[in-house]
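The points are grouped by topic and may be read alongside the sequence and the coordinates.

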Amino acid sequence: MTVAQAVVEYLSRQYTVDTVGGVDYRERLIPGTFGIFGHGNVAGVGQALKQYQQLDPAIMPYYQGRNEQAQVHQAVGYARHTRRRQTFAISTSIGPGSSNLLTGAALATTNRLPVLLLPSDTFATRAADPVLQQLEQPYAYDITVNDSFRPLSKFFDRVTRPEQLFSAFHHGLRVLTDPAETGAVTISLPQDVQAEAFDVPAEFLAEREWRIRRPDADDDDIARAAAAIRAAKRPLIIAGGGVLYAYANDELAKFVELTGIPVGNTQAGVGVLPWDHTFSLGAIGSTGTTAANAIAAEADLIIGIGTRYEDFTTASRTAFQNPDVQFININVAPIDAYKHGTTLPIVADARKALVKLNAALGGYRVGADLEQKIEAEKKRWDTTVDAAFNTRYTPLPAQNEIIGATSRAMDAQDVVICAAGSLPGDLHKMWRVRDPFGYHVEYAYSCMGYEIPGGLGVKRAALAEAANGGTRRDVVVMVGDGSYLMMHTELVTAVAERIKLIVVLIQNHGYASIGSLSEMLGSQRFGTQYRALNEEQHSFDEGETLPVDLALNAESLGVKVIRIEPGEKVIAELEQAIRDAKAAPERGGPILIHVESDPLLDAPSSESWWDVPVSQVSELDSTKAAYQTYSDHKARQRKLLG
């Protein structure tokens, strides 16, 4: 076999196995391969995929895609929805094809989500040297473009001889299926090696199972944590994506109902509890609810479960103002379990740790005063969101109204997708999630352009879920015009495969999120509006609005488009459009709903902060004022060692 043929057949026989709550899973680790072909992989992986397609299409289904970065985003969305048990492989040509994967690799690794990258490389033999698109460094001739993947990957290897295939893929898939280590796994394949024939051992091509490691919590750690919880007066749980990946929702609900300890969730942790659960405070931190942030400010014990403590989560280390605050960190990854200098790290699977904590805390419950404050703060925030959803602005609505309309039109099991701009923060604090799978906002990397390809990946997983007897879900992508323009190419992929992806495109003619941040930091929304160039000042801030028609753009790609015109009926028409899209045939292709909004109408305040430095000296009065505000917040930052 050639190396490429061996790779394809090997990947077709790898399975993840898992047991969660008495339920056994066995699924293909790599259900398909994406690829855009050029010199480097057209005669290697491309030939192998074509050969197996003719022998048996089920061995390794091929998916086309339109952009290498977007293909990674599809794989990441799929991996998130399958709770990291499945992902895709991605083959590229050398040079630009390979380097186009870099942003996707960084996104996958930052989010702790698995993806297998197979970028092609230059000749291992150097028979033709230099080849087209080869990077040359005079100080190190063995460096290629693919070395750029080293700091972005959780595992990197380059197969320069066929015999290296065995160890490269064995160790690569070990990392891919390890919940503590997973991320981008990159195995570089020189183009001549891909096409080289060699004798492949039968053992390499045999079926192999990769069991998801779910380490149990140490009994001594549980005992110390239980003692700290019993001694706390105002404890608070911060629940992250690790709760969802461990299928720990039911144990978390049992824990909070037993103890009365409230829960604030990170972006990745939305869905750990329904929004209206008695002890769910909703989002925490810079994009959080006033309820979660009010409780966090007084908390004397933070119980982090499956969170990496991003600066948005901690409000740049200003969220926790109790001078005696301590941290218990439960995480499968040691790097996260030890954060904030905690003396109570628990390196364990979230579900298994919660099972033991539930057994250890029988009879403990927080005081009635904390429960009363939880109820009052929840009521205050819910009233705030109701007002934001129901206040009507004309002719252009606020983004709050659009979020409310989208939420009302979707069913509980449907999934909302987002990634960058002002939408993630607004969704985090206001989206009323009702299902553990109902919310997917990529915010670890917050990559503009992720929304449509990531949503398509989630939809692929949802289709597979329904085909296997699971829940049927519609997937709704919410995206602003800035992010849409970055990467809307995978709409063509959805058209080609007739996949119903519902896209709500919000047109506000610029970068609303950074515009608001710029204004807050004294930079007067500089460079954040889509306007014609004013040549005298060389400014894009005051010119005419660009005559861009994104609805027409989508139509030109073969997408069905519903235009919502400005006016008094915008919200009612938007709700109906989403319901109509949901009623459309599952294999009828993508549907885009175009609606304009007013970018100057902000979401309700989180009563929180995010640390973005302001110029210490300036000739602008707006910057001087912003620096004074920044200094006041900066004084509240804490090191949080405890």
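Ala239 stands opposite Ile305 in S13. This pair of residues belongs to a predicted model. The notes below begin with the sheet around that pair, continue with a second sheet, and then turn to selected helices and residues.

**The sheet containing S10 and S13**

- Strand S10 (residues 235–239) pairs with strand S13 (residues 301–305) in the parallel sense, and five bridges link the two.
- Both strands belong to an open sheet of six strands with parallel pairing, ordered S12-S11-S10-S13-S14-S15.
- At the edges of this sheet are strand S12 (280–283) and strand S15 (344–347), each of which pairs on one side only.
- From one strand to the next, the twist averages 15 degrees.
- As a general point, strands of a sheet pair through backbone hydrogen bonds, in either a parallel or an antiparallel manner.

**The sheet containing S18 and S19**

- Another open sheet is formed by six strands in the order S17-S16-S18-S19-S21-S20, and its pairing is parallel.
- Strand S17 (439–441) and strand S20 (560–564) stand at the edges with a single partner strand each, so one side of each has no neighbour in the sheet.
- On average, and with direction ignored, neighbouring strands of this sheet are turned by 20 degrees against each other.
- Strand S18 (residues 475–480) and strand S19 (residues 502–507) run parallel and are joined by five bridges.
- Within this pairing, Met478 stands opposite Val504 in S19.
- Helix H16 (residues 399–409) packs on the sheet, where it touches S18, S19 and strand S21 (591–596).
- The direction of H16 makes about 175 degrees with that of S18.

**Helix H24 and Ser622**

- Helix H24 covers residues 621–634 and includes Ser622.
- The 14 residues of H24 should span 20 Å at 1.5 Å a residue, and this agrees with the 20 Å between its end C-alpha atoms.
- Thr623, Ala626 and Tyr630 are buried in H24.
- Viewed down the axis of H24, the buried residues fall within an arc of 60 degrees, so they line one face of the helix.
- These buried residues of H24 pack against helix H21 (512–520).
- With residues up to four places away in sequence not counted, Ser622 touches Gly522 and Gln524.
- Ser622 and Met520 are 102 residues apart along the chain, and their C-alpha atoms are separated by 8.7 Å.

**Arg460 in helix H18**

- Arg460 is located in helix H18, which comprises residues 451–467.
- Is Arg460 buried or exposed? Arg460 is buried, because its relative accessible area is 8%, and the class requires a value under 20%.
- The side chains of Arg460 and Gln74 make a polar contact at 2.8 Å.
- With neighbours within four places in sequence left aside, Arg460 is in contact with Phe34, Tyr63, Gln74, Tyr78, Phe88, Thr493, Glu497 and Ile499.

**Helix H1**

- Helix H1 (residues 3–11) is mostly covered, with nine of its nine residues buried.
- The buried residues of H1 are Val3, Ala4, Gln5, Ala6, Val7, Val8, Glu9, Tyr10 and Leu11.

Technical notes. Residues numbered from 1 in each chain as written. Predicted model: local features only at pLDDT ≥ 70, side-chain atom pairs only at ≥ 80, totals over all residues. Heavy atoms only, no water. Helix = DSSP H or I, 4+ residues; strand = E, 2+ residues; numbered from the N terminus. Contact = heavy atoms within 4.5 Å. Pairing = 2+ DSSP bridges. Axes fitted to C-alpha atoms, helices over the stretch in contact; angles between N-to-C directions. Expected span 1.5 Å × (residues − 1). Buried < 20%, exposed > 50% of the residue type's maximum accessible area, 1.4 Å probe, protein only. Arc of directions from axis to C-beta. Polar contact = N/O pair within 3.5 Å; in protein donor to acceptor, adjacent residues only side chain to side chain.
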